[in-house]
Amino acid sequence: MNYYLGIDCGGTFIKGALFDEMGKMISVVRQNVEVISEQAGYAERDMTQLWNMCAEVIRQVIAKSTLDPNVIKGVGISAQGKGAFLLDKQHQPLGRAILSSDQRSIDIVKQWQEQNIPQQLYPITRQTLWTGHPVSILRWIKEHQLERYAKIGAVLMSHDYLRFCLTGELYCEETNISESNLYNMATGKYDESLATLLGIEDIFDKLPPIISPDHIAGFVTQDAAMKTGLVVGTPVVGGLFDVVSTALCAGLDDETTLNVVLGTWSVVSGITDTIDATKQLPFVYGRYAQQHKYIVHEASPTSSGNLEWFVKQWNLNYDQINQSIATLPAAESSVFFIPFLYGSNAGLGMKAGFYGMQSYHTQPHLLQAIYEGVLFSLMYHLERMFVRFPQVNVLRITGGPTKSDVWMQMLADLTGMRLEIPATEETGCLGAALMAMQADNINLSEINILGEQVKHVFPNQANFQNYQDKYQRYKKLVEVLKALH
């Protein structure tokens with residue numbers, strides 16, 4: 001039996017998992033990874049520390065498996081998208097990485113919006129334009145840290161950087177770089193006119209070659225082998241944008257099912273063969289793990305990260321939260337929570353908060369409002385995605401909140417749709433490992449990606465109207481706050 005290593009570098013954790021060639025997970029190790037936020041709107045990561053943590057996770061997951069490293073036949077990396085991991089001309093980290101949740105470039109993005117730059121980009125890139133894109137970050141560095149900008153030798157994203165640390169080879173992986181606003185969706189190549197339009201044309205020659213997810217990018221070096229416990233020469237593939245990895249592990253293969261990811265971000269994804277240019281909404285398209293397919297998705301950092309913040313402040317556990325919310329009537333509280341602690345899908349710079357509290361409300365009412373607010377923000381994305389995918393009849397859900405029966409029932413009742421919750425664990429790691437398997441000529445169609453048992457959650461139609469009514473009030477509240485902001 002051969003084995004494959006998948007690494008998942010997300011907003012909160014870096015994880016490593018080993019899988020056999022049937023997709024069965026043998027061992028997994030998770031380690032919290034720090035986001036440095038020393039100023040309002042900043043979200044950074046120490047690149048050297050990240051690589052050291054990644055190497056340690058790999059070493060631990062091999063040890064935990066008790067496998068001989070020689071049976072590990074490939075490595076793949078899945079990671080959060082966007083942001084900027086910069087190397088200097090000697091290929092050393094150039095300061096801290098700037099993550100996709102960083103908002104320092106907000107004034108630049110607002111200026112671009114006033115100049116109708118997003119409308120000029122969209123027909124070429126099929127991307128919206130916001131603060132977490134590498135182009136926004138690079139323009140901010142050019143305007144505020146010109147000396148650092150002049151030292152840039154390579155522009156990477158997080159899994160590109162970790163792959164470089166393992167192999168010494170520089171590439172940008174296609175599912176991620178296709179959503180950078182530097183990539184022409186029609187040609188499948190970088191487009192210098194995009195960089196020129198955004199005023200960063202001088203970084204165009206700093207963009208490494210593009211590589212497909214399942215192509216071998218390089219092989220584990222002697223130095224990386226010593227740090228990780230991997231064998232010198234182990235192949236490392238391009239890897240995946242984590243949204244693509246999750247969609248792959250959700251088994252999306254037609255336009256009747258959407259994948260909903262509830263993590264630090266709320267992400268709704270669908271798979272299609274075509275770019276539909278007739279739709280008025282600017283849907284975000286990216287290259288998918290399978291050739292000639294696109295992933296379409298809506299996303300915002302308005303998900304369960306909001307709950308994590310309150311759990312930390314109040315020192316709660318999840319069983320307590322679910323038990324307390326289960327005692328309350330569905331959608332009857334007057335309390336609303338706007339889940340914009342880490343960003344908004346309603347307007348740049350909008351903030352989080354509660355509204356509607358009265359003296360008789362208790363902590364469970366606030367927790368219920370957090371659950372509702374996260375789903376109401378998700379519903380904004382779902383409504384837009386239903387325009388692009390009108391035949392959807394199933395939502396396939398992944399992410400930490402799937403462990404909460406209360407939260408999942410709430411989502412089913414709000415949407416009126418059947419939910420499917422795959423049994424597969426660690427979809428980021430599995431998706432990355434699947435790309436390593438495919439590079440090793442394993443037929444992925446023979447692997448039960450969804451796991452042994454899919455859990456079904458059916459809507460309680462008696463609650464549907466209550467949730468819809470409260471959702472409409474939520475939207476009105478957001479519009480009022482938008483005007484105030």
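This is a predicted model: local features need pLDDT of at least 70, side-chain atom pairs count only at pLDDT 80 or more; totals for chains, interfaces and linings use all residues.

Student: How many of the eight residues of S5 are buried?
Tutor: Seven. The strand, residues 72–79, is therefore largely enclosed by the rest of the structure.

Student: What does UniProt list for residues 3–249?
Tutor: The unreviewed entry gives "domain: Carbohydrate kinase FGGY N-terminal" for that stretch. In the model, residues 3–249 are 36% helix and 25% strand. The end C-alpha atoms of the stretch are 18 Å apart.

Student: New topic. What is the strand order in the open sheet of seven strands?
Tutor: S18-S19-S17-S16-S22-S23-S24, with mixed pairing. Strand S18 (284–287) and strand S24 (455–457) are the edges, each pairing on one side only.

Student: How much are neighbouring strands of this sheet turned against each other?
Tutor: By 30° on average, direction ignored.

Student: What about S17 and S19, parallel or antiparallel?
Tutor: Antiparallel, over seven bridges. S17 spans residues 266–272 and S19 spans residues 294–300.

Student: Where does Thr 257 sit?
Tutor: In strand S16, residues 257–262.

Student: Is Thr 257 buried or exposed?
Tutor: Buried. Its relative accessible area is 10%, and the cut-off for buried is under 20%. Leaving out residues up to four places away in sequence, Thr 257 touches Leu 252, Val 392, Val 394 and Arg 396.

Student: On to helices. At what angle do H14 and H16 pack?
Tutor: About 85°, with their axes 7 Å apart. That makes H14 roughly perpendicular to H16. H14 is residues 405–415, and H16 is residues 461–484.

Student: Which residues make the contact?
Tutor: From H14, Met 410, Asp 413, Leu 414 and Thr 415. From H16, Asn 463, Phe 464, Tyr 467, Gln 468 and Tyr 471.

Student: How do the residues of that contact divide by type?
Tutor: Five are nonpolar, three polar and one charged.

Conventions
Residues are numbered from 1 along each chain as its sequence is written. Side-chain values use heavy atoms; hydrogens and water are left out. Axes are lines fitted to C-alpha atoms, for helices over the stretch in contact, and angles run from 0 to 180 degrees between N-to-C directions. Helices (H or I, at least four residues) and strands (E, at least two) are DSSP runs, numbered from the N terminus. Angles under 35 degrees count as roughly parallel, over 145 as roughly antiparallel, 65 to 115 as roughly perpendicular and the rest as oblique. Contact means heavy atoms within 4.5 Å. Ala, Val, Leu, Ile, Met, Phe, Trp, Tyr, Cys and Pro count as nonpolar, Asp, Glu, Lys and Arg as charged, and the others, Gly among them, as polar. UniProt positions are given in the numbering used here, feature names are shortened, and annotations may be inferred rather than shown by experiment. Two strands pair if DSSP finds at least two bridges between them. Buried means under 20% relative accessible area, exposed over 50%, partly exposed in between (1.4 Å probe, protein chains only).
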